Structure formats: structure tokens, C-alpha cells
Amino acid sequence: MTPEPAPTVRQLLAFYLEAGVDCALAEEPLDRLADPAPVPAAGATASPGPVRTVPAAAAIPAPRAEPAPAPDAAIVSAREAARTAPTLEALRALLEKFDGCALKHTATRLVFGDGNPQARIMFVGEAPGRDEDIEGLPFVGRSGKLLDRMIGAIGLDRSSAYIANVIPWRPPGNRTPTPQETQICLPFIRRQIELVNPDVLVTLGNPSTQTLLSIREGIMRTRGRWFDYDTGTRTIRALPTFHPAYLLRSPSYKRMSWQDLRSIAKALEQTKSAS
Ligand code: URA
């Protein structure tokens, strides 16, 4: 049997990137379970024995000392907090202070929303990725560029559409958010939708669709079908469609996505003439 050729460094890096490993924490591994080095008392002379060097990673802030609230308590406090926000700015400020979701502590920054808060259409994805985490704005990476083109195909852009995610913090390594993390963040995105008050809601991909529309069917069955979405103050129309990241991987579905976009444009026309 011919042995597999060893992967090149480029292939290895591509593999790690694909697996979500996109940032190095330190030059040296750090045993976080080891006993901390004793801190010498002020004025004490250095004790003999092996010198323990502090690896570069020690400079990285340690996780918070105080425990995060239990998930159920966090869901309750998220619900209570979200409903008190009278404006989008207040909601953003609440999220900046909210400590109930552990994702906040691994993300670089909050990714709240982008676009026009007065827009008649709102797009909601799953969670920010690496580029969004760096910039603090949703859908700015590769899939964001495609989303911009999709929105552009129906004559809109970020000045006439509003974009957000169910989860406003990047899960580490782009892992799938846990059901608990999703439930904790849900009251905030619900309130965000209520405050933007669009005529049409577009859920991008399965997680956003299933979470916001409370349905179990997969995106292959739900895309292109209209659902009612209760914002809390009124019922609006909601359409699931493919996530742009999925379209990048499976471009043959762009044809269906185009049909969904036509349907969205038509609904916007109808709701405009009805109002
Ligand atoms: N994928 C998402 O679901 N949201 C983003 O903001 C970026 C990628």
C-alpha cells in the first residue's frame, strides 16, 4: 500500500482553519490545571530551585472568577432585561452589561446589528464568525459579502435593510452555539426584532429559522415558505432562506435562493401598497 504523502504546512493550516482554530493563544502550551506558582512575599529574596517562567499565555486575562449564573436563571434574567429596553441603543447597552452568557467572555466584542433600524426588512443569521468578532458588525466576512449581493439583487443595501444574529457573540472557534446559549440570547434578538419592527423578517439558515419561528423542520423544507412571526406588538411575514455560508459551499442552491429573493421583493411591494 502506498503511504499517504505527509500534508504540507499550507494543508495543515487550512485543516486547522476549517476546524475553527484560527488564533494562536501562545508560543508554549500552558497547563491551566497546574498549581499556580507561589507569589514571593514582598522583600523576600528569590528562593533557590527551578525558576518557573511565566508563559506568554499568562498575559491573557484569566476567565472570570465569579461563576456565570445557572442557565435557567440566565434565561429568566435575559427575558426580564430584554423587555425593559425601550430603544435599540438601550438594548445594546443592556447586552454590553449582561453577564448571563459565557460566550461574551470568549468573544472579542459584541456584534449587535448593522444597517438601517428603520428598514422594512430584517435579516437574521446564527452567530458572528471571526471577521464579525473583529469588526463588531454582522456579516462582514465572505458570507457577508454574498449576503450584500443577495440584498443588492432585490435593489436594497445596508441603508435599506437591517441585519443581526440570534447570538450576538462569536462562539469560540465558530462552534455551534449550545441550546442553552441560544435560549439565553433569544429574548434579546426577539426584542431587537420588535424594536426594528420590520414588515418582513428573513431567517438565514436552519438555526435562525428553527429558533425564531419555533419549528423543527429543516431548511430544505422551510425555505421559500411564508410564516407568521409575532413580534410582540404585531404579526409580520417571515421567510426562511439558505444561509449565505451554505450557498458558498453549495452554489447549486443559489437558484432556489434567487426564487426566495423574488418572493421577498414581492412581499415588500405588497406590504408597501397595503400600508
Ligand atoms: N454567519 C452568521 O450567521 N452571522 C454572521 O454575522 C456571519 C456569519
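Bear in mind that the model is predicted.

How are the two helices arranged? Two packed helices are described by the angle between their axes and the distance between the axes. H3 covers residues 88-97, and H7 covers residues 179-196. Their axes come within 10 Å and cross at roughly 165°. That angle makes H3 roughly antiparallel to H7, because angles over 145 degrees count as roughly antiparallel. The crossing of H3 past H7 is left-handed.

Now turn to another partner of H7. Helix H2 runs over residues 71-84. The axes of H2 and H7 come within 8 Å and cross at roughly 5°. H2 and H7 are therefore roughly parallel to each other, since angles under 35 degrees count that way. From H2, the contact takes in Pro-71, Ala-74, Ile-75, Ala-78, Arg-79, Ala-81, Ala-82 and Arg-83. From H7, it takes in Gln-180, Gln-183, Ile-184, Pro-187, Phe-188 and Arg-191. By type, the residues of the contact of H2 with H7 are nine nonpolar, two polar and three charged.

Is Val-196 buried or exposed? Its relative accessibility is 6%, so Val-196 counts as buried; the cut-off for buried is under 20%. Which residues does Val-196 touch, leaving aside those up to four places away in sequence? They are Leu-88, Pro-117, Ala-119, Met-122 and Tyr-162. Take Ala-119 from that list. Val-196 and Ala-119 are 77 residues apart in sequence. In space, their C-alpha atoms are 7.3 Å apart.

Next, the cysteines. A disulfide is a covalent bond between the sulfur atoms of two cysteines. How many disulfides does a search of the whole structure find? It finds zero. Look at Cys-101 to see why: the closest cysteine sulfur, in Cys-185, is 4.0 Å from its own sulfur, too far for a bond. The cut-off for a disulfide is within 2.5 Å. Cys-101 counts as buried, at 1% relative accessibility. Cys-185 is buried too, with a relative accessible area of 1%.

Finally, consider the backbone. Most residues other than glycine have a negative phi. Phe-139 has a positive phi of about 50°, although it is not a glycine. Where does Phe-139 lie? It lies in the loop between helix H5 (130-135) and helix H6 (142-153). Phe-139 is buried, with a relative accessible area of 4%.

Ser-214 is another residue other than glycine with a positive phi, near 50°. Ser-214 lies in the loop between helix H8 (206-213) and helix H9 (219-222). Is Ser-214 buried or exposed? At 58% relative accessibility, Ser-214 counts as exposed, because the cut-off for exposed is over 50%. So Phe-139 is buried, whereas Ser-214 is exposed.

Terms used:
Residues are numbered from 1 along each chain as its sequence is written. This is a predicted model: local features need pLDDT of at least 70, side-chain atom pairs count only at pLDDT 80 or more; totals for chains, interfaces and linings use all residues. Side-chain values use heavy atoms; hydrogens and water are left out. Buried means under 20% relative accessible area, exposed over 50%, partly exposed in between (1.4 Å probe, protein chains only). Helices (H or I, at least four residues) and strands (E, at least two) are DSSP runs, numbered from the N terminus. Axes are lines fitted to C-alpha atoms, for helices over the stretch in contact, and angles run from 0 to 180 degrees between N-to-C directions. Angles under 35 degrees count as roughly parallel, over 145 as roughly antiparallel, 65 to 115 as roughly perpendicular and the rest as oblique. A crossing is left-handed if the near helix is turned anticlockwise from the far one by less than a right angle, and right-handed if clockwise. Contact means heavy atoms within 4.5 Å. Ala, Val, Leu, Ile, Met, Phe, Trp, Tyr, Cys and Pro count as nonpolar, Asp, Glu, Lys and Arg as charged, and the others, Gly among them, as polar.
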